[in-house]
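This briefing covers the surface, the core and the overall fold of one protein. The sequence and structure come first, followed by the points grouped by topic.

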Amino acid sequence: MHGGLLSSKQWETTPDGRMGWFEYFTRQGFPTYLAEQTGRARSGFNGTIFNQVKNKSLPPEAQPKVFLGTSNMAWKVFRFGPELGKPWPNVQFPIEATDEFAKQVIPDMIETQVPSLLGELIQPETKNPTVANVADLAADLGGNPRRPLAVGGISEPGSPEG
């Protein structure tokens, strides 16, 4: 599954242009799936609330947050170094490709789908449809944890799951 503020695009190639895991597993003959976490990238999101704020049928404070990543944030979150431009000694990520990697960071619209998500970070239960959708996909594939999966949630905006 892709990481925070990224999409399944990260599995297609590496930031420095090498073959990604999607192609590698596919060439090895494994069924490989690229899907998105709910509210991110190609999975889309329910944009109704943004239109309701625009046409003034809802107040601006009703609009959910859009999480935007920055290069500075990526350096810390992905542990390239303590601050932007200063890599840790012996870091394994190809530092010369960090600008390309930063281009893959996308807005996260998960709060349009799961408004309770931030509160769920401190609770063991979740209403995030990504979790149930990935579990269903794993069950459909026989529940084999050794089978390579590069998946995120599969849900339609506006559906009961999304």
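**Surface patch**

M19, W21 and Y24 make up a nonpolar patch on the surface, and together they have about 330 Å² of accessible area. The model is a predicted one.

- Y24 sits in helix α1, which covers residues 21–27.
- Y24 counts as partly exposed because its relative accessibility is 36%, and that class lies between the 20% limit for buried and the 50% limit for exposed.

**Loop residue Q104**

- Q104 is located in the loop that runs between α4 (98–102) and α5 (110–113).
- With a relative accessibility of 15%, Q104 counts as buried, since buried means under 20%.
- Apart from neighbours within four places in sequence, Q104 contacts L5, L6, Q10, T13 and P15.

**Nonpolar core**

- Seven residues form the largest nonpolar core: L5, L6, A74, W75, F80, F101 and V105.
- L5 and L6 of this core are also among the contacts of Q104.
- W75, another member of the core, is in contact with F80, G81, E83, L84, G85, K86, P87, I95 and T98, leaving aside its neighbours within four places in sequence.

**Overall fold**

- The protein contains seven helices and zero strands, and its elements run α-α-α-α-α-α-α from the N terminus on.
- The protein has 162 residues, of which 34% count as buried.
- Of the contacts between residues at least 6 apart in sequence, 56% join residues at least 24 apart.

Note on methods:
Residues numbered from 1 in each chain as written. Predicted model: local features only at pLDDT ≥ 70, side-chain atom pairs only at ≥ 80, totals over all residues. Heavy atoms only, no water. Patch = residues over 30% accessible without salt bridge, like charges linked within 9 Å, V, L, I, M, F, W, Y side chains within 5 Å. Areas by Shrake-Rupley, 256 points an atom, 1.4 Å probe, with all protein chains shown as cover. Salt bridge = Lys/Arg side-chain N within 4 Å of Asp/Glu carboxyl O. Helix = DSSP H or I, 4+ residues; strand = E, 2+ residues; numbered from the N terminus. Buried < 20%, exposed > 50% of the residue type's maximum accessible area, 1.4 Å probe, protein only. Contact = heavy atoms within 4.5 Å. Core = buried A, V, L, I, M, F, W, Y, C linked by side-chain atoms within 4.5 Å.
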